Amino acid sequence: SCEIHGTRPLESLREESGVFVFRAHQAAMDRQVRCDWLHHSREASERLAESLEQAFEESQKLSDSGILPVIQAGMGDDGTFVLLRPLFTTLAERIEEVLHLPLASRIEVFRQLVDAALERATWEALRFPVSLVQVGIEMPAAGAVAGEPPQVFLQALDLGAFVAAGLGDLAH
């Protein structure tokens, strides 16, 4: 069984530019996390490694409620990794449902996404493209107040998107 910096992958969610995204179990805290992992055999250029270090530092400074914080990040013998609080339902998975919400709720989803993206963009190293698979969404619970909009979250650092942007591999 594989372990990535104290986490055990439970389910592979996707791969982007050589970065694997897992739902994982962090044994030390006995909790599920999202783990973005770039295998150590995939060499990062010196420039990309420096950018990652800066992104790790800046991601720790974000404190917006619409941004999922980085729990831990680093580069080690087992590769480069980012651990995030888990939120596995993405806007890509729920887009049909969101498009059928009342107009006011759809506008609120868009406003939350823009607010989170602008907040993250205040940090230079965290300016990278966002796609629907990188946006987390929590739909209102059954029995919630009518018209209550979903909650939208952006990861402080999505390692796959960050590496793809750094490599000029956004088409991947």
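Analyst: Helices here are DSSP runs of at least four residues, numbered from the N terminus. Keep in mind that this is a predicted model. Arg111 and Asp115 both sit in helix H3, 4 residues apart, or about one turn of the helix.

User: What makes Arg111 and Asp115 a salt bridge?

Analyst: The cut-off is a side-chain nitrogen of Lys or Arg within 4 Å of a carboxyl oxygen of Asp or Glu. The closest N and O atoms of Arg111 and Asp115 are 2.3 Å apart, so the pair qualifies. Arg111 also forms a salt bridge with Glu108, with the closest N and O atoms 2.4 Å apart.

User: Why is Asp115 called partly exposed?

Analyst: Buried means under 20% relative accessible area and exposed means over 50%, with partly exposed in between. Asp115 has 36%, so it's partly exposed. Arg111, at 40%, gets that label too, and so does Glu108 at 22%.

User: How do you know that Asp158 is buried?

Analyst: Its relative accessible area is 1%, and the limit is under 20%, so it counts as buried. Its salt-bridge partner Arg34 is buried as well, at 4%. Their side chains meet at 2.9 Å, N to O. Arg34 is in strand E3 and Asp158 in the loop between strand E8 and helix H4, so the pair ties together parts 124 residues apart in sequence.

Notes. Residues are numbered from 1 along each chain as its sequence is written. This is a predicted model: local features need pLDDT of at least 70, side-chain atom pairs count only at pLDDT 80 or more; totals for chains, interfaces and linings use all residues. Side-chain values use heavy atoms; hydrogens and water are left out. Helices (H or I, at least four residues) and strands (E, at least two) are DSSP runs, numbered from the N terminus. Buried means under 20% relative accessible area, exposed over 50%, partly exposed in between (1.4 Å probe, protein chains only).
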